[in-house]
2 protein chains.
Amino acid sequence: MAQDYSELLAQHRERIETAVKAIHDRSYYAAYSDHPKAYKPGSTELGKQKFDEQVGQNFEQLLQEGASTYKGEEVSPFTQEELGIKYPIFSVDKLVTKATQSWASWKQVKPAERAAILTESLERMKIRFFEIAYATQHTTGQSWIMSFQASGPHAADRAMEAIALGYHELQRFPETVNWQKPMGGTNIEIHKTFKAIPKGVALVIGCSTFPTWNSMPGMYASLITGNPVIVKPHPKAVWPIAIVIAELQHLLQELGLDPNTIQLAADSFDQLLAVELAEHEAVKIIDYTGGSSFGDFIESLRNKTVFTEKSGINSVIVDSAADLRLAMRNQAFCVSLYSGQMCTAPQNYFIPEGGIPQADGSHVSYEDAVGLLKNEIASMALNPKMAGALGTIQNPATALRAESAKSLGTVVLNPPKIKHAQFENARVQANTVVEVDASQLDAFGQELFGPVVLVVKTRDTEESVRLVKQLIAEHGAITCSLYCIDAKKAAAITEEMNEVFAPVSLNFTGFAFVNQHAAFSDFHVTGGNSAGNACFTNPEYLQKRFVWVGNRMLG
Amino acid sequence: MAQDYSELLAQHRERIETAVKAIHDRSYYAAYSDHPKAYKPGSTELGKQKFDEQVGQNFEQLLQEGASTYKGEEVSPFTQEELGIKYPIFSVDKLVTKATQSWASWKQVKPAERAAILTESLERMKIRFFEIAYATQHTTGQSWIMSFQASGPHAADRAMEAIALGYHELQRFPETVNWQKPMGGTNIEIHKTFKAIPKGVALVIGCSTFPTWNSMPGMYASLITGNPVIVKPHPKAVWPIAIVIAELQHLLQELGLDPNTIQLAADSFDQLLAVELAEHEAVKIIDYTGGSSFGDFIESLRNKTVFTEKSGINSVIVDSAADLRLAMRNQAFCVSLYSGQMCTAPQNYFIPEGGIPQADGSHVSYEDAVGLLKNEIASMALNPKMAGALGTIQNPATALRAESAKSLGTVVLNPPKIKHAQFENARVQANTVVEVDASQLDAFGQELFGPVVLVVKTRDTEESVRLVKQLIAEHGAITCSLYCIDAKKAAAITEEMNEVFAPVSLNFTGFAFVNQHAAFSDFHVTGGNSAGNACFTNPEYLQKRFVWVGNRMLG
């Protein structure tokens, strides 16, 4: 019954094992280059052509049958026009039934062969990286290059990471063992078999800003561990992940497997499917990326294995710097990139009223420090070579939020009026910088997703640390930046942040950005604070999706 | 500040690494022999002497200060007399405060050195195995030999397993890495450090039947991962684990560490501490062994990492046998051992009305099959050489439950009247065997902890399998026995059971018993069904107790 995938395994084994090693070394590794020029000439043009061909058409690439209707609600933040792509819509019952049926064949495939099949699916996805980039750009509003990197190679790397770690964990214990216990003169001999039993139907709930990067890790982690997967994307960002799913379905069919092992559960705002899917008895695993209130609901469900990435408030503690201007230039990029719509983007800058000492013995006053941050942010937005990195604002509500944040304190920087170089209707918006007082915990103790930066004036670094630690403990954080040139002090502050499970990026300047978590090396989200309970590349991220069962037979 | 434990590590490293290897090979390994004769001559006598010295006295071996009072409620099931040992009682606030204070020093100890210290604590415990055996016998009611094995070497092996797996997981990723990403002509270089941050105060809630075996795995798993631990034993079985904790406290003090890293939280029925401890905000990890209703409460607590071993209903499917008499003789031992008070003991026997084919072509009728089971159980209880294995009934309620189970169906075996050879007041009770019909799901769908066996008459094996699978899905199971000499059929039934995450023991006869889960090889509880969410030696059992955090610094 089960086919032989050993040839595919032979083809991909080395790549998978290289990835396993990279995860355990945590050294630099990329399965897919994030430089567009590393790919075949003409790829960009072909991607654009595929993009143009799909716009305005029903999405017919999936192998799922029995759609009740077709719907689509995507709007390009660059043109502010509807994409006019409609996706097949399925009932929850149909999706779950088909997932359950597909399980029988998928769980019979040996873990190593599953790994080979899933690796092959990334090779197929690779051919469509450029098309996915355009689809991402015009749903999420990211710049084209960020769309390419995040939704293409970086997402594929994160998926590869899940495949590799699954491959390792699933084969960690031997399939069979002859266990012999000495009993006086004789041995008692028991033949044991160990099996990793998948938990059941897995659900992945995607977000509107990173439709493949945030969905593929959970999707591939559940697949490698033998579970059938249903992906419910955000109705505003379906296309990129729909391409990935379609490729996977065609590959499964080619290999004689059930394409419904992976399904797209597109929905629309008039009939959202997330709650019904999440609460379905057959759904045992849920991966969720999105806001905290729905995330808290997902976490509260009983008898489900849940992985969440919710909102957090990322802070920057400024104590001292080698060169504060370079530090602030680096930070200006971090907050400008995709206009602060990354889960890893900094929001709050804690700067002591006494100002910032620099390595050369000079001192930058508090006012000048704020001025440096403000100027670097403004000049990035106004610099034609850099402004493209801002991309656009995915959701109109995000732009409004930035506007209303001005009432929180003293406006340090009114966002410079900018226009997109290429799309005249693009929903672009530069950062607003608002200064608040250390006493205004309500103001900076909320997530202001989007192009808003708060500067919090503190008495001293000690107060900064205390406030940031409190913020993280109460609201969670995915990243924390620290500028401090006193090594001992930096170590002590890092320890404080680590106690509330926030990772610290110290003295980042130049091309090292706190926003970027590298696959195979950086854990993404620690899982320790309320920003989420999931952690990419933590072995737990794979292990919780299956159950070890040992059967015994008298030898 | 942090002391150097490298000498201790040098002393124990090989042993720890042997254990790591054994877990990954899942081959036979025992760090401690379970044969009393393997220990120093005179050990039994010395243990008995220590036992006699403690009876009637306050337990003064702990290094915990500030007891509010002393209480003790242990009663020997062998003599039905109070032991008269009183333990110091502490307020929850005091326990949690001291645990939190001790954390500072314990988490600074390197994982490998923590492993060495904890291994050393088992060496100290080993010297007291015999005393612990007597303490276990006269609190749990187990036979002396079972008390010795389960509470001594087997419990120490399970603790060693947690130490070893923790040692492996905590050192799985490098402490530091220089990460270099090629960027065109240059490299971007980031110095990364990876730390396993312990989650916080850990609570272990013990049971009355296996005071060390069921508490030590969670206790050592939390300790090796850097968390301070509070152990709240069952008020009726404090002594055995109190000895283990006292040894650990003295060792920690000798090594310049805070003895409060591990604390005993004895309580009494007039003021139980479990709820207050479990709900305390500072308590982040809970290991629980006991009944399902309190276990469900523990599992429902938000923001806690919880490991439970609750009740389950273990079944035996009888389809066919090489020699049914030998199968039933084996099973008679399984249900008789400690009078069915093991979490792994079988309860329900599913026998088809058409009877049982045997390997030699003969056929045993349904009635004769039930008769074999009944006779083997009865003769074990009446055989003076075997009866000792029954031990006594820990809790008088268990004896009553067995009596009232008679009303569930047709009584096949009224428990033979037996007396203990050595203790005339011992609360001994042989098994009751009751026959029920396959339609009586309410009767066999409840856990009847203790000396009760139900025989369920089914239409055929297909019905047996369907009923057992349903039982496991709804109520959970820790073990499942199968007698089936058709290899293909046995494999199919095993797969059905594994789908509801129950491990199968096939055709066990002789000295292989379904009740016994071997350390380093057998997973204990799969964590997949409602019998509990914990699984000893599953890497998850360690990993969920700490959080990986990666800090980054520009190189």
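Is P503(B) buried or exposed, and how many other C-beta atoms lie within 10 Å?

Reply: This is a predicted model, in which local features need pLDDT of at least 70 and side-chain atom pairs count only at pLDDT 80 or more, while totals for chains, interfaces and linings use all residues. Residues are numbered from 1 along each chain as its sequence is written, and chains are lettered from A and ligands numbered from 1 in the order in which they are written.

P503(B) is buried, because 28 other C-beta atoms lie within 10 Å; a residue is called buried if 20 or more other C-beta atoms lie within 10 Å of its own, exposed if 12 or fewer, and partly exposed in between, with C-beta atoms placed from the backbone. In chain B, P503(B) sits in the loop that links α16 (487-499) to β18 (504-506). Helices (H or I, at least four residues) and strands (E, at least two) are DSSP runs, numbered from the N terminus.

Leaving aside residues up to four places away in sequence, P503(B) is in contact with T479(B), C480(B) and T526(B), and also with V549(A), G550(A) and N551(A). Contact here requires the C-beta atoms of two residues, placed from the backbone, to lie within 7 Å. F523(B) is 20 residues from P503(B) in sequence, and their C-alpha atoms are 9.1 Å apart.

Elsewhere in chain B, strand β16 (residues 452-458) is largely enclosed by the rest of the structure, since seven of its seven residues are buried. V452(B), L454(B), V456(B) and T458(B) point one way from β16(B), whereas V453(B), V455(B) and K457(B) point the other way. In a regular strand, side chains alternate between the two faces of the sheet.

Two strands count as paired if DSSP finds at least two bridges between them. β16(B) pairs in the parallel sense with strand β11 (residues 348-352) of chain B over five bridges, and I351(B) has K457(B) as its bridge partner. Strand β15 (residues 432-437) of chain B also runs parallel to β16(B), joined by six bridges, with V433(B) standing opposite V453(B).

As for chain A, which supplies some of the residues touching P503(B), there are 18 helices and 19 strands. Of its 555 residues, 60% count as buried. The C-alpha trace of chain A spans about 80 × 70 × 45 Å along its principal axes.
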